[in-house]
Amino acid sequence: MFHRTLATLVTVAALAAPAGCGVLDGSPTPASGEAPAATTPGAQSGLGDSVKDAGDIPDPCTLLSDSQVTSLTGRDISQIDRDGLTDGEETRYCQWQQPGGQLAVFLSRTTPDDFKVKIAEATPVDGVGEDAFALAGHLYVLYGTVSIDVYSRGDSDDENQTKAATIAKVLIPKI
């Protein structure tokens, strides 16, 4: 299951990242003055209660406001690529294209056992979620039955991983 999910996420990332010039679902890119995300954990996910162990995976684009993305990455947003999926999909993503960088967040259902089936090159990461590891520039975090994949690009590898961990910690209470 994990390897299938990882392959799906890597494929989506590979297809979406090079595009960088269009919204994947054809919907218009929001204006830079987009309203910030709601302020309560339930409202931030748009779902009321946590979906940590059950429920629809939220749209990651609704979990961070534009100002949060800018603050967390240190870069402005030039475009937002949304997955265009409806509630109930097993895997969701959002990408914030930035001059000289990118932030991508992928959320999917998994199990703790599937999450632990790690690729040999993965590096364990402490202090984020229930379990976490870094691989190929991505930070994978387990939160209940939700796998959070944060990819931050635009700085050194170490800075990108530090930012990804901070972003994951901001996302967890909103899921």
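Histidine 138 is buried, with a relative accessible area of 9%, where buried means under 20% relative accessible area, exposed over 50% and partly exposed in between, using a 1.4 Å probe and protein chains only. This residue belongs to strand E6, residues 138–143; helices (H or I, at least four residues) and strands (E, at least two) are DSSP runs, numbered from the N terminus. The model is predicted, so local features need pLDDT of at least 70 and side-chain atom pairs count only at pLDDT 80 or more, while totals for chains, interfaces and linings use all residues. Residues are numbered from 1 along each chain as its sequence is written, and side-chain values use heavy atoms, with hydrogens and water left out.

**Surroundings of histidine 138**
- Leaving aside residues up to four places away in sequence, histidine 138 touches Phe106, Phe133, Asp149, Val150, Tyr151 and Gln161, a contact being heavy atoms within 4.5 Å.

**Strand E3 and its partners**
- Strand E3 (residues 101–109) is mostly covered, with nine of its nine residues buried; Gly101, Leu103, Val105, Leu107 and Arg109 lie on one side, and Gln102, Ala104, Phe106 and Ser108 on the other.
- Strand E2 (residues 91–98) runs antiparallel to E3 and is joined to E3 by eight bridges, two strands being paired if DSSP finds at least two bridges between them.
- The two strands E2 and E3 form a hairpin with two residues between them, and glycine 100 in the turn has a positive phi of about 75°; glutamine 98 stands opposite glycine 101 in E3.
- E3 also pairs with strand E7 (residues 146–153), in the antiparallel sense and over eight bridges, with arginine 109 opposite valine 146 in E7.

**Disulfide**
- The count comes to one disulfide, defined as a pair of cysteine sulfur atoms within 2.5 Å; cysteine 61 is joined to cysteine 94 with an S to S distance of 1.9 Å.
- Cysteine 61 lies in the loop between helix H2 (41–45) and helix H3 (66–73) and cysteine 94 in strand E2, so the pair ties together parts that are 33 residues apart in sequence.
- The link of cysteine 61 and cysteine 94 is right-handed, with 100° about the S-S bond, and both cysteines are buried.

**Aromatic pairs**
- Three aromatic pairs are found in a search of the whole structure; rings of Phe, Tyr and Trp (its six-membered ring) pair if their centres lie within 6.5 Å, and planes under 30 degrees apart count as stacked, over 60 as edge-to-face and the rest as tilted.
- The rings of tyrosine 93 and phenylalanine 106 have centres 5.9 Å apart and planes at 35°, so this pair is tilted; the pair links strand E2 to strand E3, 13 residues apart.
- Tyrosine 93 is buried at a relative accessible area of 10%, and phenylalanine 106 is buried at 1% relative accessibility.
- Phenylalanine 115 and phenylalanine 133 form a tilted pair, because their ring centres are 5.3 Å apart and their planes are at 55°; ring pairs link Phe115, Phe133 and Tyr140 into a cluster.

- The 15 residues of H5 should span 21 Å at 1.5 Å a residue, and its end C-alpha atoms are 21 Å apart, which agrees; the expected span is 1.5 Å times one less than the number of residues.
- The buried residues of H5 are Asn160, Lys163, Ala164, Ala165, Ile167, Ala168 and Leu171, and what covers them includes H3, E3, E6 and E7.
- Serine 156, in the loop between E7 and helix H5 (157–171), counts as partly exposed at 36% relative accessibility.
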